[in-house]
Amino acid sequence: MRVTTGRTTLLGWLTLTALAALALVATTSACRSDAGYNEAELILATTTSLNDSGLLDELVPLFEAEEELNVKIISVGTGAALRMGTEGNADVLLTHAPIAEQELVEAGDVINRTLVAYNDFVIVGPRDDPAGVAGTSDVAAALAQIADAGAIFASRGDDSGTHKKEIALWRDADRVPSVDSDEWYLEVGQGMSATLIVANQRGAYSLTDRGTFLSLSDHMDQLTPLVSGDVRLLNFYSVMEVNGAKGRINTAAAKAFRQFLLRDDIQALIGEYLREEYGQPLFIPAAGETEATVSVRAGAAPN
Amino acid sequence: MDLIWDGIREAARLWWSGDGEIIEITLRTLAISSAATALALLVGIPIGAVLALRRFWGRGLIVAAVNTGMGMPPVVVGLVLVLILVRQGPLGSLEIIYTPTAMVIAQLFLALPMVVGFSLASIQSVNPRLIGQMWAMGANRWQVLWLLARETRLGLLAAVMAGFGAAISEVGASMQVGANLAGETRVLPTAIVLETGRGNWEVAIALGTVLVALAFIVNLVLTTAQQRRLVT
C-alpha cells in the first residue's frame with residue numbers, strides 16, 4: 001500500500017513538473033511572433049577582441065535607439081562566431097578572419113560580406129628581446145627567429161581570428177609549432193587580454209591586435225611591440241548577414257545593422273574611437289574598400 | 001599585494017558611491033539565484049522525501065544520479081542547455097536563450113541535486129519508528145510530511161544553503177546560456193570573469209568582495225533561522 005503511495009507521489013510530482021514546463025512552453029509560445037524569432041531582437045555574434053575594445057558598447061546603443069531594437073552581443077572567438085552563423089543561431093556576424101569568412105560566403109551560409117574597418121596585428125615580446133626580432137619588418141622571418149631561438153611564445157589557441165592569423169603566419173615562416181613537441185610554445189586557450197596577461201607574466205612573445213595591447217598597456221610592464229608594418233599583419237573586420245534561408249533569421253535587422261556600420265557618420269565614429277586617448281587610431285574605417293585595395297595602399301606606404 | 005589592497009579600496013569606494021551598475025548586477029544575481037533555489041526547493045524536497053521514505057524499483061539508480069548531480073560541472077549543464085535553447089535547437093522557439101530565464105533554468109539544474117540529496121539524507125536519518133507512530137496516531141500523509149519537515153528543519157535549511165550556494169557561485173553555465181549581456185544577463189560571477197580578462201583586477205576584486213558578502217549575508221540569515229528554531 002505504502003509502496004504504491006510512494007510511487008504515486010513521485011509520479012504526481014513528475015507530472016506536475018512536466019505540466020509546469022508545458023505551461024511555460026505554452027505561454028512563451030503564445031508571446032512569440034509568427035516569424036519564429038523575435039523581430040525586436042538582433043543577435044550579433046562577434047569576436048572577443050572587438051567587444052573587449054569597447055567599440056561596440058559605443059555603437060550598438062545608437063543602432064538600438066534608431067531601430068528600436070534590442071541587440072544581443074554574443075562575444076566569442078571568431079571560430080565560434082562563424083559557427084553560430086553556419087548553424088543559423090545568430091542574425092549578423094562581425095569577425096576578422098577573411099579566409100574563413102569567404103568559406104561561409106561560398107557555402108551560402110552568409111550574404112553581403114562587407115569590410116567595415118581594419119587595424120593591424122603586432123608581435124609583442126619581452127623588452128630584452130631574447131630572439132632579437134626588434135625592427136624586423138618581415139613577420140615570417142621574425143617568427144622563424146623566435147622558433148629557432150626557442151623563445152617562449154604565448155598563443156591564443158582558441159580558434160579565434162587572431163589564432164587563425166597566427167597559424168597562417170607560422171605557415172609562412174615554415175615553422176608550425178605544436179604544444180606536444182615545442183616546449184617554448186604555450187596555448188593559453190583564452191581571450192586576447194587574458195593571453196597578453198599570461199605572456200607578460202611569462203616574458204613571452206605573442207601576436208595581438210594593436211587595440212587590445214593598447215588598452216592593456218598599463219599592465220604590460222614586461223612587453224613591448226617589436227614587429228609591425230608587414231602587409232600580412234593587417235587585420236580586417238567584416239560584417240555579414242546570416243542567410244535568411246536558414247529560417248528564423250531576423251534578416252531585416254541584420255541588413256539594417258550592416259548598412260548602419262557602413263554609414264558615413266558611423267564610419268567617422270569608428271575612426272575617432274579612443275584616438276585621442278592612445279594618440280593613434282584603434283580602428284581605421286574602410287567602407288567601400290576591399291582587403292586588396294587596403295593591402296596595396298599599405299604595401300606602397302613606407303612603414 | 002598592492003593590487004589586492006587597491007582592489008579592496010576600490011570595492012569600498014564602489015560601495016560608498018552606490019555605483020548604479022554594481023547595485024543592478026548584485027540585485028540581478030540575487031534574483032536569479034533565489035528564483036532557481038526556490039524552484040529547486042519546490043521540486044527537490046518532495047523528491048527527496050519520496051526517495052527517503054519509499055522503496056521502489058529504480059530508486060537506487062535515482063539516488064546514484066542525484067549524488068552524481070551534486071558534483072555536476074556547471075559547464076556541462078550550460079553546454080547541454082545552450083544546444084537545446086539556441087535558435088535552431090529543439091526548444092529554440094521558446095526564445096529564452098541569453099535571458100535571465102535561461103540562467104534560472106541552468107542554476108535550477110545545479111541546485112536541484114543539492115536540495116534532493118540534502119533532504120534525502122536528513123529525512124532518512126529520522127527514526128523510522130517515529131514515522132510509524134505518526135501513522136499509528138492517525139496522521140494523514142500531509143500531516144506526516146509537515147511533522148517530518150519540522151523534525152528535519154536543520155537538514156532542510158542545509159539543503160537551502162547548499163542549493164543557493166551551488167546556484168550563486170557558478171559561472172560556466174551562466175556565461176553560456178546568458179552570454180554576460182550588460183544590463184540583461186550580467187551577474188556578479190560573469191562580471192568578475194569579464195573584468196579579470198580585461199585586466200581590470202581592482203574592479204574584479206571589488207565585485208568578488210560583493211559576491212562573497214552577498215553569499216555570507218544570505219547564509220547568515222538562514223543559519224540564524226536554523227539555529228534559533230533549534231532552541232525553541
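Let me start with a definition: the bend at a residue is the angle between axes fitted to the seven residues ending there and the seven starting there. With that in hand, hello everyone, and a word on what we are looking at. This is a predicted model, in which local features need pLDDT of at least 70, side-chain atom pairs count only at pLDDT 80 or more, and totals for chains, interfaces and linings use all residues. Residues are numbered from 1 along each chain as its sequence is written, while chains are lettered from A and ligands numbered from 1 in the order in which they are written.

Let's begin with chain B. It has eleven helices and zero strands, where helices (H or I, at least four residues) and strands (E, at least two) are DSSP runs, numbered from the N terminus. Along the principal axes, the C-alpha atoms of chain B fill a box of roughly 65 × 50 × 25 Å.

Now, that bend. In H5 of chain B there is a kink of about 30 degrees at B:Ala111, shortly before the proline B:Pro113. How far apart are the end C-alpha atoms of this helix, residues 100-124? They are 35 Å apart, which agrees with the 36 Å that its 25 residues should span at 1.5 Å a residue; the expected span is 1.5 Å times one less than the number of residues. H5(B) is also mostly covered, with 22 of its 25 residues buried. Buried here means that 20 or more other C-beta atoms lie within 10 Å of the residue's own; exposed means 12 or fewer, partly exposed is in between, and the C-beta atoms are placed from the backbone.

Over in helix H11 of chain B, residues 201-231, we find B:Gly208. Is B:Gly208 buried or exposed? It counts as buried, because it has 20 C-beta neighbours inside 10 Å. B:Gly208 and B:Ile8 are 200 residues apart in sequence, yet their C-alpha atoms are 9.6 Å apart in space. For chain B as a whole, 42% of the 232 residues count as buried.

On to chain A, please. Its secondary structure comes to 13 helices and ten strands, and buried residues make up 43% of its 303 residues.

I'd like to show you one helix pair. H6 (residues 139-149) and H7 of chain A pack at an angle of about 85 degrees, with axes 8 Å apart. The axes are lines fitted to C-alpha atoms, for helices over the stretch in contact, and angles run from 0 to 180 degrees between N-to-C directions. That makes H6(A) roughly perpendicular to H7(A), a label for angles of 65 to 115 degrees. From H6(A), A:Val139, A:Ala140 and A:Leu143 meet A:Leu169, A:Trp170 and A:Asp172 of H7(A); contact means C-beta atoms, placed from the backbone, within 7 Å.

H7(A), residues 161-172, also holds A:Arg171. This arginine counts as exposed, because it has 12 C-beta neighbours inside 10 Å. A:Arg171 and A:Ala140 are 31 residues apart in sequence and 8.4 Å apart, C-alpha to C-alpha.

Finally, two aspartates. Most residues other than glycine have a negative phi. A:Asp159, however, has a positive phi near 60 degrees; it sits in the loop between strand S5 (153-155) and H7 of chain A. With 19 C-beta neighbours inside 10 Å, A:Asp159 counts as partly exposed. A:Asp174 has a positive phi of about 60 degrees too, in the loop between H7 and strand S6 (185-187). A:Asp174 is exposed, with 10 other C-beta atoms within 10 Å.

Methods. Angles under 35 degrees count as roughly parallel, over 145 as roughly antiparallel, 65 to 115 as roughly perpendicular and the rest as oblique. Two residues are in contact if their C-beta atoms, placed from the backbone, lie within 7 Å.
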